[in-house]
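Open the model in your viewer and get ready to select things one by one. At each stop you will hear what to pick and what is there.

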Amino acid sequence: MSSRTNISCLQEAARVAIFGGTHGNEMSGITLVNMWIQNSAEIERNGLLIKPFISNPRAVEKCSRYIATDLNRAFTPENLSAPDVEGLPYEVQRAKEINRMFGPKGSADAYDVIFDLHNTTSNMGSTLILESSTDLFNLQMVHYIKKAMAPHTCSVLLNEHPQLKYSTTRSVAKHPVGLEVGPQPQGVLRSNVFESMRTILKHALDFIEIFNSGVTFPPCTVDVFRVQERMDYPRDTNGNITAMVHPHLQDCDWEPLNRGDPMFLTFDGRTVLYEGANTVYPTFINEAAYYEKQQAFMTTGREILAANAIRKACK
Amino acid sequence: MQMDRHSHLWRNAVAMPTVSRVAVCGGTHGNELAGVYLVRERLKRRADGTEPVSVVTVMSNPRAVQLCVRYVETDLNRCFTRATLSAPVSETSPYEMIRSQELNALLGPKGSAQAVDLLCDLHNTTANTGLCLITYSDCDWICLHICKHLQREMASTPVRYVHFDIPLNEAYSLDSVGKHGFAMEIGPQPHSVVRSVIFSAMQEGVQLMMDWICQFNSGTLFEGGWVDVYTMVKNIDYPRDSETHVITAAVHPNLQDRDFCLLHPGDPMFLSFSGETLRYKGKEALYPFFINEGAYYEKGIALSLARKRRVEIPSVRSETLR
């Protein structure tokens, strides 16, 4: 799709959705989306269809992460093509419905962009989550957002890992973007976290509007953290955890973890050290929802991604 | 001189029954994990029976713990009023109601001579409260002395005494089942998470409580003094839309995490989603606590307000020894 001098011409981003409540106890997104459903003035942009949407209303009603199964893992090819029979878990039904409304996933009819709003108990600050290192539109957008948010830091997490990548709600769109802001307890609304997420979205929508108006965005680079490995808690034979995230690691998302650094502290006071050969950058440290997913934290590696110049394709 | 002073203190100390039987309870709310893990560790280590005082360790709400939720059908820690404990139950009664009566039989009955001498119920909160001992009495010398002991010995954790002025019959929480009792509440910790610093503080708090009890039971005299007591005055709800009842503001950034910092009339309390600062309209400066506790949204509580006063406590000693 390149034309002369390495400017990638990309399709206009005409239809954008903002999902809140993919997890029913992550309050910033739920509050923002409900607010914008009532009054959309703040999110309106020229020539753009922007749809705020509560993805898991039953979980929101219950203020729990999910009802039967995690919606944000439910968008697998098997689930999306499952026949409409009785007894399908609620979130699988919901995934099919969302795929009909905003997809179909992988097709030309899918929404251009979906922002999926999340909170975490981890000290990740403002984080943008990407699923592809070659999506130029998304790379240019996060570059724009990071610049606009400065000096407030926005980290970029890239999950392209063949085994650890999962089928997210937002993956229905051509350009999926996860917004993850923490730390915030489940079921709690903190003003500063709410306002950070609101500001990130404002910049994101500004970018799309500017892009659609025909502006060329010059080539850029984006510092990202690429997902490497999931680290579980030490557990006993019954599957119960036998140690906690070490106080030196707790809240140190995005900071280097080296061989020999403390990692876990057992309940009887013994320190477990990180034994990996290379320096890693942990994230999602002590996320409440991941105890059942066997994850104390994720390791990442730092990388710089390059993106071509982009411009809206002429009709 | 020393002997005269000591015997003077001894004669003037309040003599109280030994604290022979203690209960340590966790998982009353199944997602408040420091207490859950502490109880699990104690049960694993068979800590009961290894201490000089008779201790029973109990996982209060095992079904909620299993599901990692606050409660399954109804809040267990509101089921200990006289009325609920004596209501008839059947298999269709809420799980927590049945469980509260079981716990009352095991550790009580509440108000009777058979009840445990001290019940310590372990809790966590998303609010930045530090360590609080929460009780229904502002003149329970045992609880107040334990508080003083923790304040003296716990270097890096603020320790405070919080009092709810509710008569015993209406006292609704598990700790009201013991002859003496308190909730040991530590925050901030998100629900469904265990933070090692919080777990360690809770472990230390329980150990110091046991140490005090053992010393007390073996005849040590604890000199009186004073303790700051925070007595709950009222709760404040979030501003809500008059029709939909939906919350329209968040706790103001200036108030968030400022538990026990005096709130003056006119101080910011909430920041509305439309950017307006809503201020404290009360006439009296009060101490806020449980600021933005996640479980209290459904109870209509954004924060609680307390009055602080200094309470003099007498010297105490156990009455069995001369």
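Begin with the largest cavity, which holds about 120 Å³ of space. This is a predicted model, in which local features need pLDDT of at least 70 and side-chain atom pairs count only at pLDDT 80 or more, while totals for chains, interfaces and linings use all residues. Residues are numbered from 1 along each chain as its sequence is written, chains are lettered from A and ligands numbered from 1 in the order in which they are written, and side-chain values use heavy atoms, with hydrogens and water left out.

What is a cavity here? On a 1 Å grid over the protein atoms alone, it is a set of points where a 1.4 Å probe fits but cannot get out; a pocket is an open set with protein on both sides within 12 Å along at least five of seven lines, and lining residues have an atom within 4 Å of a point. Grid points are joined across faces, edges and corners, and a volume is the space filled by probe spheres set on the points. By this rule there are 3 cavities of 30 Å³ or more.

**Stop 1: the lining of the largest cavity**

Select A:His23, A:Asn72, A:His118, A:Glu180 and A:Tyr290: of the 18 lining residues, these are the closest to the centre of the cavity. Next, colour strand 4 (113-119) and strand 7 (175-182) of chain A, the elements that give two or more residues to this lining. Strands (E, at least two residues) and helices (H or I, at least four) are DSSP runs, numbered from the N terminus. How many residues of each class line the largest cavity? There are 5 nonpolar, 6 polar and 7 charged ones. Here Ala, Val, Leu, Ile, Met, Phe, Trp, Tyr, Cys and Pro count as nonpolar, Asp, Glu, Lys and Arg as charged, and the others, Gly among them, as polar.

**Stop 2: residues from a record**

Now select A:Arg65, A:Glu180 and A:Tyr290, which UniProt lists for "binding site" in an unreviewed entry. From this set, A:Arg65, A:Glu180 and A:Tyr290 are found in the lining of the largest cavity. UniProt positions follow the numbering used here, feature names are shortened, and annotations may be inferred rather than shown by experiment.

Zoom in on A:Arg65, in the loop between helix 2 (57-62) and helix 3 (77-80) of chain A. Is A:Arg65 buried or exposed? A:Arg65 counts as buried because its relative accessibility is 9%; buried means under 20% relative accessible area, exposed over 50%, and partly exposed in between (1.4 Å probe, protein chains only). Its side chain makes a polar contact of 3.4 Å with the side chain of A:Glu26. A polar contact is a pair of N or O atoms within 3.5 Å; within protein, one must be able to donate a hydrogen and the other to accept it, and residues adjacent in sequence count only if both atoms are side-chain atoms.

Move on to A:Tyr290, in the loop between strand 12 (281-283) and strand 13 (297-307) of chain A. A:Tyr290 is buried too, because its relative accessibility is 7%. Apart from neighbours within four places in sequence, A:Tyr290 is in contact (heavy atoms within 4.5 Å) with A:Arg65, A:Arg73, A:Tyr166, A:Phe284 and A:Gln295.

**Stop 3: a buried arginine**

Select A:Arg170, in the loop between strand 6 (154-158) and strand 7 of chain A. With a relative accessibility of 2%, A:Arg170 counts as buried. A polar contact of 3.4 Å links its side chain to that of A:Glu131. Other residues in contact with A:Arg170 include A:Asn72 and A:His118.

**Stop 4**

Most residues other than glycine have a negative phi, and most peptide bonds are trans. Find the bond between A:Gly182 and A:Pro183: it is cis, with omega of about 5°. In chain B, the bond from B:Gly187 to B:Pro188 is also cis, with omega near 10°. B:Phe290 has a positive phi near 50° and lies in the loop between strand 12 (287-289) and strand 13 (303-313) of chain B.

**Stop 5**

Finish at the second largest pocket, with a volume of about 360 Å³. Of its 25 lining residues, B:Arg78, B:Phe164, B:Tyr172, B:Phe290 and B:Tyr296 are the closest to its centre. By class, this lining has 9 nonpolar, 9 polar and 7 charged residues.
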